[in-house]
Amino acid sequence: MNCQEFREFALDGPETIAHLQDCPACATWRRRQDSLIAGLRAMAAESQHVGAPANLEAKLVAAFRTHGGTVAPIRAPRMWAPVVTWFAAVAALVAVAFVLNTQRVPKPQQHRKPPAIVESAMADGDDSSFNSADFIPLPNAQQLAPNEDVNLVRVEVPRSTMIALGYDVSAERASEPVEAEVVLGPDGLARAVRFLE
Amino acid sequence: MRAQIALIGILAVTSVSAQGIFEGGARFLGAEPGRPGRVVRNAPYSADVVTESSQTLPDGNHIRQSNSVHMVRDSEGRTRSEQSLRTLGGLAPNAHLPQVVFINDPVTNSNYALNTNSRTATKSTVDHPPMRRPDGVFRRGGSDVNSKIESLGRQTMEGLAVDGTRTTLTVPAGQIGNEQPLQVVTETWYSADLQTVVLSKRTDPRTGETVTRLTNVSRAEPAHSLFEVPADFKVSESQNRPGRGPR
């Protein structure tokens, strides 16, 4: 018997006793369990004399019959209505703000692949190491010469930006933000982009 | 009750606005130095690199855009470029993106991207790699049977002797569904002293005309401090991974 089996099926028996002798951790756990059980039983014994008043049942039955067999819903006093309304409104706003904030804050990206352009720089010898599928040349943008400086900026743009580049974006999500990396040429003009979601 | 509704509405708008939904369509997240280009030593200069593009639409409408970068290079080959991101090629219209500065220091093999608004910098240390020629974003070398290269002779621009070259690329009829051949003409004026292009002009019937020129050229040795991160900037290591640029 192992510890898991002991704690799931802690029945008294030769195997259990043997395990308790071999495992101090389970022995301690067993002592705590026994102590808890004993405490609960003592509390139950002390509460035996506590009971509902003898006429409570009769009162409840009479009240039930008075209302025609239906129990009227308990209404909060009207003075509480504004408080409840305000509380609900504030809770809703907090929830909306939380959801929006969760969507907008960039997630940690430690496990993401390096930018393709850097990946290309770190690779050696193979022209195909640049994943051209990652970066999309911008319409009307000049191609870069191999020996030109390139830099990257990251921005968050509406998804509708992707439509102009041939992506299929639903109208419902057009205004949602999407993170993009933009390649800048030495003249500072944007040359290519890739979207990170 | 009306007061309650009005106040709830105000709170809702305030909450949503605080999230930046209505900020104008784009938000700057960071900048990162990318791949440095060829290192040019012993040819210091500073200049404004101004790019202007214009396009005439079939209905007579015009689209004009301009962009400017202040470029500095010292004798050791360090470079610094300061630029406003503007609309990022139409990706971020109406956005208020910050000015960024990119510093490439081949002496220490360190590159920096500075966000002048937040006073932060991202440092990356990248060995200068062998050059790549990937598809799409970068030009492929070699001759093209449809291109013609001709010399335009020598001129003086911005006080510099420059050699002109015209490259005419012909897109044959039918290649992209075009009824007639298209011609894309690129003129470049190259300064051997600066080892850089002083003027380039590209005319493409599909996209209009784009002119990039160096102006306000100075060949004085720039101050070394221009290639250092200001002391009050908070510098973080890029480690060549995204998501760690200056915020």
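This is a predicted model: local features need pLDDT of at least 70, side-chain atom pairs count only at pLDDT 80 or more; totals for chains, interfaces and linings use all residues.

Stop 1: Show chain B as a cartoon. You'll find 12 strands that form an open sheet with mixed pairing. To follow the sheet across, go in this order: β8-β9-β10-β11-β12-β2-β3-β4-β5-β6-β7-β13. Now select residues 147-157 (β8) and 234-237 (β13) of chain B, which stand at the edges. Each has a single partner strand, so one side of each is left without a neighbour in the sheet. As you step across the sheet, the twist averages 20° from one strand to the next.

Stop 2: Select residues 79-84 of chain B, which make up β4, together with residues 99-105, which make up β5. These two strands run antiparallel and are joined over six bridges. Which residue in β5(B) stands opposite B:Glu82? Click across from B:Glu82 and you land on B:Val101.

**Stop 3: a ring pair in chain A.** Over all chains, the count comes to one aromatic pair. Select A:Tyr167 and A:Phe195 and show their side chains: the ring centres are 5.5 Å apart and the planes sit at 90°, so this pair is edge-to-face. A:Tyr167 is in the loop between α7 (160-163) and β3 (177-184) of chain A, while A:Phe195 is in strand β4 (residues 190-195) of chain A, so the pair ties together parts 28 residues apart in sequence.

Technical notes: Residues are numbered from 1 along each chain as its sequence is written. Chains are lettered from A and ligands numbered from 1 in the order in which they are written. Side-chain values use heavy atoms; hydrogens and water are left out. Two strands pair if DSSP finds at least two bridges between them. Helices (H or I, at least four residues) and strands (E, at least two) are DSSP runs, numbered from the N terminus. Axes are lines fitted to C-alpha atoms, for helices over the stretch in contact, and angles run from 0 to 180 degrees between N-to-C directions. Rings of Phe, Tyr and Trp (its six-membered ring) pair if their centres lie within 6.5 Å; planes under 30 degrees apart count as stacked, over 60 as edge-to-face and the rest as tilted.
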